[in-house]
Amino acid sequence: MPARFKMSRKGVGELLRSREVEAEMLRRANVIKGVAAGISPVGTAAWDPHPGLYKASWHTTSTRRGGRRRNRAVATVWNSAPYARWVEYGTERVHAHHVLLRAAQAGGR
């Protein structure tokens, strides 16, 4: 006799907000943070007044009230260096490094 399963929307909502799911999201975010720090470009002292600042500025955070409707656990990875956007997306004169994109593709498992 086959097993039967009836989904409970309330139960799925509780699962998506659970501490276990938040912990897994944070674990994955920390893996991505580690990969991002490993592949971050470091400037030389000749032209960069703060060599290594970008590499040292990776952070993670998590919450159980994230998402568009604030109904699921999420974790976030970000870089607090003032020029992080330009390193990620590039400028007219500097090519884009896509550090966070490549880290998420490689380390989000």
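Trainee: How many aromatic pairs does the structure hold?
Mentor: Two aromatic pairs, in what is a predicted model.

Trainee: What kind of pair do Tyr-54 and Trp-58 form?
Mentor: An edge-to-face pair: the centres of Tyr-54 and Trp-58 are 5.6 Å apart, with 75° between the planes.

Trainee: Are those two buried or exposed?
Mentor: Tyr-54 has 3% relative accessibility and counts as buried. Trp-58 is at 5%, so Trp-58 counts as buried too.

Trainee: And how are the rings of Tyr-54 and Tyr-83 arranged?
Mentor: Their planes are at 25° and their centres 6.4 Å apart, so Tyr-54 and Tyr-83 make a stacked pair.

Trainee: Which parts does that pair tie together?
Mentor: Tyr-54 belongs to helix H3, residues 53–56, while Tyr-83 sits in the loop between strand S2 (72–79) and helix H4 (84–89). The pair therefore links parts that are 29 residues apart in sequence.

Trainee: Which residues form the aromatic cluster, then?
Mentor: Tyr-54, Trp-58 and Tyr-83 form one cluster.

Trainee: Switching to charges. What lies over the face of Trp-86?
Mentor: Arg-85 does, at 5.1 Å from the ring centre of Trp-86.

Trainee: Now the backbone. What is phi of Arg-70?
Mentor: Near 60°, which is a positive value in a residue other than glycine.

Trainee: Where is Arg-70 found?
Mentor: In the loop between strand S1, residues 58–66, and S2.

Trainee: Buried or exposed, that Arg-70?
Mentor: Exposed, because the relative accessibility of Arg-70 is 53%, and the cut-off for exposed is over 50%.

Trainee: What about His-98, what is its phi?
Mentor: Phi of His-98 is near 50°, again a positive value in a residue other than glycine.

Trainee: And where is the place of His-98 in the chain?
Mentor: His-98 is in the loop between H4 and helix H5, and H5 covers residues 99–107.

Trainee: What is the relative accessible area of His-98?
Mentor: 31%, so His-98 is partly exposed.

Definitions and conventions:
Residues are numbered from 1 along each chain as its sequence is written. This is a predicted model: local features need pLDDT of at least 70, side-chain atom pairs count only at pLDDT 80 or more; totals for chains, interfaces and linings use all residues. Side-chain values use heavy atoms; hydrogens and water are left out. Rings of Phe, Tyr and Trp (its six-membered ring) pair if their centres lie within 6.5 Å; planes under 30 degrees apart count as stacked, over 60 as edge-to-face and the rest as tilted. Buried means under 20% relative accessible area, exposed over 50%, partly exposed in between (1.4 Å probe, protein chains only). Helices (H or I, at least four residues) and strands (E, at least two) are DSSP runs, numbered from the N terminus. A charge sits over a ring if NZ of Lys or CZ of Arg is within 6 Å of the ring centre and within 35 degrees of the ring normal.
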